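Q: Hi! Could you walk me through this model in plain words?
A: Happy to. Here it is, and then ask away.

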Amino acid sequence: MAEAGARPWARSDEKHRAIVRAAREVFLSKGYLGTNMDLIASRSGVSKQTVYTHFGNKETLFVEIVGSMTGHAGDRVHHERPELGDDSELEAYLRAFAERQLRIVTEPELLQLRRLVIGEVGRFPELAKVLYERGPQRAIGELTAMFEVLHERGLLTGDPAAAAEWFNWLVMAAPLNRAMMLGDAAVPDDHELRRHVAEAVRIFLTAFGP
């Protein structure tokens, strides 16, 4: 009986996921103005009414896409990082963390999303807030917590919150800005990425190292 009773919920969850997948594809390829609920319904294989039942309107669905994509990217950056072992491994540890962060943030879909949100800031200012809170603000908060531990171990000096902000933007600012304005072709390749991260970590440790 329990299994039979669970099936409607399972079907509802499956439809929800299908709508989100379809909406992500449509919003990223056609932009906000070029997207309509009929197209999302068709792509997701559900009725238009089902889309409205789950999300209410296009704006709500757009906010869901922005939040879910940004949140998932943040999870991959921060929840999958290893713990630092030996103190002497600090530089290599920071490089590995920064390389993973930069690779994820400059993935084509996330760059498309960021461009799309920036283009809609005037219409939906709350979207930029969602992107900022689940992106840079979360990253700096997670880094602050990590750097507080390193500070207690005597591996970093200065204010952990200030160190977190400097580390984040030393790593992210130049390559992300180039990719945002010049297109995906400006995303650094592996060699460029490692070289940039190595220099960013060197500068960071010069300022905040023991």
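A: One term before the fold: helices (H or I, at least four residues) and strands (E, at least two) are DSSP runs, numbered from the N terminus. Read that way, the protein chain runs α-α-α-α-α-α-α-α-α along its sequence.

Q: Where does this model come from, and what should I know about how residues are treated?
A: It is a predicted model, where local features need pLDDT of at least 70 and side-chain atom pairs count only at pLDDT 80 or more, while totals for chains, interfaces and linings use all residues. Residues are numbered from 1 along each chain as its sequence is written, and side-chain values use heavy atoms, with hydrogens and water left out.

Q: Thanks. How many helices and strands does the protein chain have?
A: There are nine helices and zero strands. The C-alpha trace spans about 60 × 50 × 30 Å along its principal axes.

Q: How much of the protein chain is buried?
A: Of the 210 residues, 42% are buried. Buried means under 20% relative accessible area, exposed over 50%, and partly exposed in between (1.4 Å probe, protein chains only).

Q: And what's the accessible surface?
A: About 11,300 Å² for the protein chain, with 53% of that belonging to carbon and sulfur atoms. Accessible areas come from the Shrake-Rupley method with a 1.4 Å probe, and for residues only the protein chains shown count as cover.

Q: Let's go inside. Which residues have the most contacts in the largest nonpolar core?
A: Those are Phe-27, Ile-40, Leu-61, Leu-94, Phe-147, Phe-167 and Phe-204, in a core of 60 residues. A nonpolar core here is a set of buried Ala, Val, Leu, Ile, Met, Phe, Trp, Tyr and Cys residues joined through side-chain atoms within 4.5 Å. In soluble globular proteins, nonpolar side chains tend to be buried together.

Q: What is Phe-27 in contact with?
A: Leaving aside neighbours within four places in sequence, Phe-27 is in contact with Tyr-32, Thr-35, Ile-40, Lys-58, Leu-61, Phe-62, Ile-65 and Leu-116. Contact means heavy atoms within 4.5 Å.

Q: What share of the contacts join residues at least 24 apart?
A: It's 71%, counting contacts in the protein chain between residues at least 6 apart in sequence.

Q: How far does α9 reach from its first C-alpha to its last?
A: Helix α9 (residues 190-208) has 19 residues and reaches 26 Å, close to the 27 Å expected at 1.5 Å a residue. That expected span is 1.5 Å times one less than the number of residues.

Q: What about Pro-188, where is that?
A: Pro-188 is in the loop between α8 and α9. With a relative accessibility of 15%, Pro-188 counts as buried. Beyond four places in sequence, its contacts are Pro-175 and Leu-193.

Q: And Asn-168, buried or exposed?
A: Asn-168 counts as buried because its relative accessible area is 2%. Its place is in helix α8 (residues 160-182), and Asn-168 touches Gln-101, Ala-139, Ile-140 and Leu-143, not counting residues up to four places away in sequence.

Q: Then Thr-53, buried or exposed?
A: Thr-53 is exposed, at 58% relative accessible area, and its place is in helix α3 (residues 48-55). From Thr-53 to Arg-95 is 42 residues in sequence and 45 Å in space, C-alpha to C-alpha.

Q: One more: which residues is Leu-110 in contact with?
A: Leaving aside neighbours within four places in sequence, Leu-110 is in contact with Met-69, Ala-73, Ile-104 and Val-105. Leu-110 lies in helix α6 and is buried, with a relative accessible area of 14%.
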